[in-house]
Amino acid sequence: MKGVDHLAHERNKTEFDVDAMKIVWAGSRHAFELSDRMARLVASDPAFQKDGRIRLGRKELFKNTLRKAAHAWKRILELHLTEEEAGWLRNFVDEPSFTDLHWGMFVPAIKGQGTDEQQQKWLPLAYKMQIIGSYAQTELGHGSNVQGLETTATFDPETDEFVIHSPTLTSSKWWPGGLGKVSTHAIVYARLITNGQEHGVHGFIVQLRSLDDHMPIPGITIGDIGMKFGNGAYNTMDNGVLTFDHIRIPRNQMLMRVLQVTREGKCVKSNVPRQLIYGTMVFVRQTIVADASTALARAVCIATRYSAVRRQFGSQDGGMETQVIDYKTQQSRLFPLLASAYAFRFVGEWLKWLYTDVTQRLQANDFSILPEAHACTAGLKSLTTTATADAIEECRKLCGGHGYLCASGLPELFAVYVPACTYEGDNVVLLLQVARFLMKTVSQLGSGKKPVGTTAYLGRVQDLLQCCCDVQTAEDWLKPSVVLEAFEARSARMCVARAQNLSKFENPEDGFAELSADLVEASVAHCQLIVVSKFIDKLQQDIPGKGVNRQLQNLCYIYALNLLHKYLGDFLSTGCITPKQASLANDQLRSLYSQIRPNAIALVDAFNYTDHYLGSVLGRYDGNVYPKLYEEAWKDPLNDSVVPDGYHEYIHPMLKQQLRNARL
Ligand SMILES: CC/C=C\C/C=C\C/C=C\C/C=C\C/C=C\CCCC(=O)SCCNC(=O)CCNC(=O)[C@H](O)C(C)(C)COP(=O)(O)OP(=O)(O)OC[C@H]1O[C@@H](n2cnc3c(N)ncnc32)[C@H](O)[C@@H]1OP(=O)(O)O
Ligand SMILES: Cc1cc2nc3c(=O)[nH]c(=O)nc-3n(C[C@H](O)[C@H](O)[C@H](O)COP(=O)(O)OP(=O)(O)OC[C@H]3O[C@@H](n4cnc5c(N)ncnc54)[C@H](O)[C@@H]3O)c2cc1C
């Protein structure tokens, strides 16, 4: 039976069509229906319940994850789910596991870097889960510097095999998810050596464990690297350590789309660029951007619903106290995060389109937009994961003391999410890649090369260096062209200033190292411009549903104007806007917060998260927070007995001791 809806009064204030917004959020009616069906399927299956997992010890926790992964696979087969449906189902199970790496990296690596024959051999096995794969790139000594990896793959022409070897302690593979206890195979990245010559780092398909008894192949040492940040959280994953002692694999297990090694050990380059070896990272970075909006929306949904339930101060004549969501300070912290969730959703959609476009072009041997795809995926991965990790923590604070309870769902969400700032490329290292791309683009302007895509605005650099922001009233900040120009001018001016500073160095690499902190700031400005511009593009689409476009406009301007406020130093120091215009932007922000306020609950309802997926007492759909929080406390194992274990050993003697001392 459905209980009372404590947030009904909030939902009654809504000024737009929430069902239509659900479809905008999901991306299409098809995506909405499919994800909704999978979310409900998972939520209604007791085998997928999540209660109490934070209290499990590592071994129980891990076994529980194995059980869920096996159950998910069983349901996928029984229900004949499509690949898309299965992906949603795994997503809603909401527990990091070896399957993430199998489907998210092992399969894509074979698809992206394997030849047709390799794909025909390995993909059917992987699709049926007759083998389980992981992605073993990072080592104890090197993660960011991929060219610094030490594992070797030496071709032996006598046997037509590669010999995979870990020559040093620091060459031990370290971190790969699913590797520690589950994977039977891995894509292992190693330095290719043929005829005594090195040919850079390449991927190899290596069997790690027996398919009969799961024992490591002789010569392979393998295990888990140990507990990670937070209770439960990412400890459901068996991140692993792996060393090779002269392991032999057939020559045809090197992924050879980029470079082929012949029977004689000769290296033959194909027509695809060497950077395609990094292709799996580009793919995963793109999925991480899409995932950022999902994680951010979860935190924001919890903090928004709870902020409407929670009341503090302000009671007059014994009336109700103020809902904390009505405090302007709460709004100025919460609503930009709500706006960011939507902004990241749309930029994630666009990035998916870009990735699909690049993939099609690569198949037609057009590699021209690979550098831009790399810069966009790297930069947006960095921007969105940093912002999301910070936002989850801010949402915890927005929930006051109760946010610190595991029952809020926020500590676990933070612990699971925060490594996204590191894995798949440390966020600063990735911004430095964007900076290289931007500096190269600026340096080519003089030679007449016209920048395209996300850097097209740099082609108008002369105008952008001179333009004056055309804002006289707060309402002027609601013009897309005004906002866009301010962001373009800020980014262009920062890029040009950095490029001028770089040109003062005799050795560009010295300059790049010396100015790297400034360069990273320019990358952030460029990436924020991409997010703002893709949000504005979204508003130009024909979006059905009463009031939906209006809400999206408000969110778009909140996103942009809040950034303007936060990075005011950039905008003022580059002369893009005046202090007076900045002050008008703030006036507009406050007005936008008031307009969003009555719609806040409906805007988070549009994420369509089940209570199961949210996993938060504070974020419950019905807002019935206090009784459930009270109920939850009693489930803690400490409350199994009234008098705790240890009383007789430690508390009682202490009390008696004090009593004796008092008598003395
Ligand atoms: C619970 C889970 C929650 C969320 C997960 C959500 C979705 C994911 C879905 C599935 C995945 C499943 C689980 C995810 C969980 C964890 C997975 C984590 C996996 C990993 O971490 S794998 C390891 C990742 N490692 C890295 O990212 C290393 C980072 N380092 C690098 O990328 C590179 O080494 C480098 C780019 C920093 C430097 O490369 P380099 O030494 O070759 O140096 P250069 O700077 O000289 O570059 C040369 C040249 O190449 C261009 N370039 C570089 N990279 C690329 C690329 N990727 N693509 C295209 N081009 C690239 C560069 O621009 C230079 O070009 P130029 O023209 O010569 O200037
Ligand atoms: C939860 C988790 C899961 C992972 N899963 C996998 C996996 O499945 N497979 C896999 O292969 N790997 C995996 N990794 C490894 C991950 O990809 C690396 O940890 C990541 O790429 C960062 O590399 P690093 O650890 O070498 O960091 P480091 O490069 O050592 O970073 C340390 C510090 O140095 C700074 N730094 C490094 N280089 C530079 C530079 N050039 N300029 C300025 N500053 C710099 C960084 O910004 C950072 O502050 C995982 C990691 C985690 C945390």
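Is strand β8 largely enclosed by the rest of the structure or left open, and why? I put this at the top of the page and looked it up. Four of the five residues of β8 are buried, so β8 is largely enclosed by the rest of the structure. For the count I took a residue as buried if 20 or more other C-beta atoms lie within 10 Å of its own.

**Entry: the model itself**

I note that this is a predicted model. I checked the confidence next. The mean pLDDT of the protein is 96. I also read that 99% of the residues reach 70 or more. The model scores are ipTM 0.97 and pTM 0.97.

**Entry: the sheet around β8**

I followed β8 to its partners. Three strands form an open sheet here, in the order β4-β8-β7. The pairing is antiparallel. I then asked which strands stand at the edges. They are β4 (173–174) and β7 (220–224). Each has a single partner strand, so one side of each is left without a neighbour in the sheet.

I went through the pairs one by one. β7 pairs with β8 (residues 240–244) over five bridges, in the antiparallel sense. I220 has F244 of β8 as its bridge partner. I also found G223 opposite V241 in β8. On the other pairing, β4 and β8 are joined by two bridges, again antiparallel. There I marked K173, which stands opposite L242 in β8.

I moved on to strand β2 (residues 152–156). Five bridges join β2 to β3, and the two run antiparallel. I picked out one facing pair: T152 stands opposite H165 in β3. β2 and β3 form a hairpin, with four residues between them. In the turn I looked at D160, which has a positive phi of about 60 degrees.

β3 also pairs with strand β9 (residues 247–250). I noted four bridges, in the antiparallel sense. One facing pair here is I164 with I247 in β9.

Which residues of β3 lie on its covered face? I found F162 and I164 there. The uncovered face of β3 (residues 161–165) holds E161, V163 and H165. I now have two notes on I164: this residue is on the covered face, and I247 stands opposite. H165 is on the uncovered face and stands opposite T152.

**Entry: ligand 1**

How many residues surround ligand 1? I read 33. The closest are G104, V146, Q275, Y278 and G425. I listed the elements that give two or more residues to this shell: α6 (98–113), α8 (279–309), α10 (370–398) and α12 (427–443). α8 gives the most, with six residues. I sorted the shell by type and wrote down 16 nonpolar, 13 polar and four charged residues.

Notes: Residues are numbered from 1 along each chain as its sequence is written. Chains are lettered from A and ligands numbered from 1 in the order in which they are written. This is a predicted model: local features need pLDDT of at least 70, side-chain atom pairs count only at pLDDT 80 or more; totals for chains, interfaces and linings use all residues. A residue is near a molecule or strand if its C-beta atom, placed from the backbone, lies within 6 Å of it. Ala, Val, Leu, Ile, Met, Phe, Trp, Tyr, Cys and Pro count as nonpolar, Asp, Glu, Lys and Arg as charged, and the others, Gly among them, as polar. pLDDT is the predictor's confidence in each residue, from 0 to 100. Two strands pair if DSSP finds at least two bridges between them. A residue is buried if 20 or more other C-beta atoms lie within 10 Å of its own, exposed if 12 or fewer, and partly exposed in between; C-beta atoms are placed from the backbone.
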